[in-house]
Amino acid sequence: MSIDTVLWSKLVTGMTLGFHAIFATLGVGVPLMIAIAEFIGIRKKNPHYILMAKRWSRGFVISVAVGVVTGTAISLQLALVWPHFMKLAGNVIALPLFMEVFAFFFEAIFLGIYLYTWERFKNPYIHWLLTIPVVTGAGMSAVFITTVNGFMNQPAGFAMEAGQFTAVDPVQAMLNTATFSKVFHVLSSAYMTGAALLSGIAAFTMLKKGVSAYHKKALKLMMAVVLLFGLLNTLAGDVSAKFLAEHQPEKLAAAEWHFETESGADLVLLGWLNAEHEIIGALHLPKFLSFLAFGDFNAKVTGLEEFPTDERPPLLVHYLFDLMAGIGFMLLAISLLYFLFVFWKKRNELNKWMLRVIALGAPLAFLGVELGWFYAEIGRQPWIIRGYMRVEEAATTSPSVKILFFLFLLLYIVLGIVCVLVLRRLFNNNPAEAEMEKWVKPARNETAEKGGHA
Amino acid sequence: MMSYELIGISVLWLFLYGYLIVASIDFGAGFFAFYARLTKQDRLINRLISRYLSPVWEITNVFFVFFYIGIIGFFPDSAYYYGSALLVPGSIAVILIAIRGSFYAFENYGSKNNIVYLFLYGATGLLIPASLSVALTLSEGGFITKQGGTVALDYWALFTSPLSWCIVGLAIVSVLFISGSFLTFYASRAEDHAALKLMRSYALFWSTPTIIAALTAFIYLSQHNERHFQNMMDLGWLLAMSVGFFMIAIWLLYSGRRYGLAFICVMLQFFCAFFAYGIGQYPYILDPYITIQSSATSPSMGIALVVAFIGGLCLLIPSLILVFRLFLFDADYVKGKK
């Protein structure tokens, strides 16, 4: 089997996952924001929030389309590009894959109903209730798929006999030790990213077109969500690190450039390695790695030296990990600063610099998600199923995969560009204020009063 | 009691049949929408088509993924053989599905009336069934070779086989026939007489090619896979019923009444033929490498999948009924008053 084919298989899958992760994160995160906005709009009888839910869902459905098709692509690529992986693991991971499709089906059905029934119910709460299956369907899809990723890291629920998985217990495979921390981290980061995107859009629009009541409300609401999920996400990151230290120490050690097993280990930030694998120019936080890994400054942390050379993850993951964690803290700090300004009357929370930083938070959040996924995947190397199957054993043997890489690359470029163009056209030609005018002329005076209070 | 692998394959085959119907409606509608635009008749039918498609397009896609995940779940070996052999045709189908799904959303929710988007949407509607039908051809055997540990597809055999081209042709014309007869029914419900007239002419036009393509494919099957052909001949009553339903459907469409019943007859026509084909192929999933018994997953997984499936259906069927009541069978919605 040629190394070349394996490399191209990795590249085509990495590219598909990297592209899909953007839309999958949107698909999980944004429905919750729509649900929150509509609920507040109905409670406060404030059309601004209802308009938020309407506009967000209109943009959302376009991103869902790209998410659906790239999700279909990745699920088929599992068998097309990694046939040996599916042959071995198919009878263990089929259950969560199957349930994921159900969850998505459920979401798609109710999303369809939600989009086309805005004015069809007398009681507005009935329409809002439709968001519940959409939010849960999206969340459960993420949960089921993440259990599969958990399984690849912490295989469980089977016995290995003559190169086959036997005595399969699919539920135990889903509830492997990696599942909890992964699911927690995936959901908290998706909700944070969804909110960071929508607050970033509000901030960006206000920078370009000046402050408006609609965007002010959207910004405040979404910053509150960023704050909440920023905190939860930090906790999820901590839970994940503690999980790794206990169950998958080589992954944490590679991310931390922690080579020798020791007690009271330092946390290494950034830096680089010289030819002798010594760390240069890094910031050392004394004993913090032990604290991060076990909640005890003197705990013993396993180093990379304990693993055979050909079973160590690439050391590059150190940067992925540091940048991901840095972005997570940065988003939390942005939302804290914003609310500090809101409550500290002397400061204007809508000043140019604050808005710029918030706008920058949106792409940063997506970058954080990407870095996190690449860390999760590259940090598992050389395994595709840790301890049982290496990546190069799983790949297809067909050399055509190289050409397919370029075909898929072309596809994603076209989809990405057209998606952005369509979204821009959709919203630029129809700004929120203009839509508000058209939509609630009779209730306008009342709205203006309320907008003044908010 | 039926063994779980038999339950599994029956349910999956039923799902594939479901996909065949809903996807054909969707694929054909895309083509008709594009064709009507080219011939400047789009004012007549495009509103009707987009009113039907908008709420259901994602559901179609899910049917497909369902079948696919189900088959690799129940029969993991099929993932290995088909996965290795179908890398190129499968990836092309994936790319086409991706183009179709996203450009539908772009056209429909974003910039209306973009002819390029509509073209991509219409053209892929015919190319996807063509590329997916390759999997059915491969299952007949003779196209997938196994040398040592390597599974490969014999492209030359595939492209020179009259059977594979017949199946491609049958896939395309069936899509247009099923879609045409459904949209005829939908137009009659919407009491949209201009659209009804146009769709009825499309449905009638594509009926004859459908039956001719089916017969031709059947004849070539007899040359390619004698066993499968004989098994189907033993199920001759199913084939006869299929032809019977086809005749009723054509007669109803031609005499211009009971369009709902006509569409049900079309569905039954394909149901009989599809199941005669499927039962005839039993026990093979891939002749001669994979049979249902040899490739079935472990019993615990099989049972878990059946349980998950029943649980999922309990959730989905009420939801689907809701969709149908709100959009398909709500006369006011269909007529465009809501």
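Colleague: At what angle do helix α7 (residues 179–209) and helix α8 (residues 213–247) of chain A pack?
Modeller: This is a predicted model, where local features need pLDDT of at least 70, side-chain atom pairs count only at pLDDT 80 or more, and totals for chains, interfaces and linings use all residues. Residues are numbered from 1 along each chain as its sequence is written, while chains are lettered from A and ligands numbered from 1 in the order in which they are written. Helices (H or I, at least four residues) and strands (E, at least two) are DSSP runs numbered from the N terminus, and axes are lines fitted to C-alpha atoms, for helices over the stretch in contact, with angles from 0 to 180 degrees between N-to-C directions. The axes of α7(A) and α8(A) lie 7 Å apart, and the packing angle is about 155°.

Colleague: Are α7(A) and α8(A) roughly parallel or antiparallel?
Modeller: Angles under 35 degrees count as roughly parallel, over 145 as roughly antiparallel, 65 to 115 as roughly perpendicular and the rest as oblique. The angle here is about 155°, so α7(A) and α8(A) are roughly antiparallel.

Colleague: Which residues of α14(A) does α2(A) meet?
Modeller: The axes of helix α2 (residues 47–81) and helix α14 (residues 401–428) of chain A come within 10 Å and cross at roughly 170°, which makes α2(A) roughly antiparallel to α14(A). Contact means that the C-beta atoms of two residues, placed from the backbone, lie within 7 Å. From α2(A), A:R58, A:G59, A:I62, A:V66 and A:V81 meet A:V401, A:L415, A:C419, A:V422, A:L423, A:L426 and A:F427.

Colleague: Which helix gives the most to the side of chain A that touches chain B?
Modeller: In this interface, 56 residues of chain A are in contact with 53 residues of chain B. Helices α2, α3 (83–115), α6 (170–174) and α14 of chain A each supply at least two residues of that side. With 21 residues, the one that gives the most is α3(A).

Colleague: Is B:Q269 buried or exposed?
Modeller: B:Q269 lies in helix α11 (residues 259–281) of chain B. Leaving aside neighbours within four places in sequence, B:Q269 is in contact with B:S242, B:F245, B:F246 and B:A249. A residue is buried if 20 or more other C-beta atoms lie within 10 Å of its own, exposed if 12 or fewer, and partly exposed in between, with C-beta atoms placed from the backbone. B:Q269 has 27 such neighbours, so it counts as buried.

Colleague: How many of the 28 residues of α7(B) are buried?
Modeller: The expected span of a helix is 1.5 Å times one less than its number of residues. For helix α7 (residues 162–189) of chain B that should be 40 Å, and the end C-alpha atoms are 41 Å apart, which agrees. This helix is largely enclosed by the rest of the structure, because the number of its residues that are buried is 24.

Colleague: Where is B:P283 found?
Modeller: The peptide bond from B:Y282 to B:P283 is cis, with omega near 5°. B:P283 is found in the chain B loop between α11 and β3 (284–286).

Colleague: What phi does A:K45 have?
Modeller: A:K45 sits in the loop between α1 (3–44) and α2 of chain A. With 13 other C-beta atoms within 10 Å, A:K45 is partly exposed. Although A:K45 is not a glycine, its phi is positive, at about 50°.
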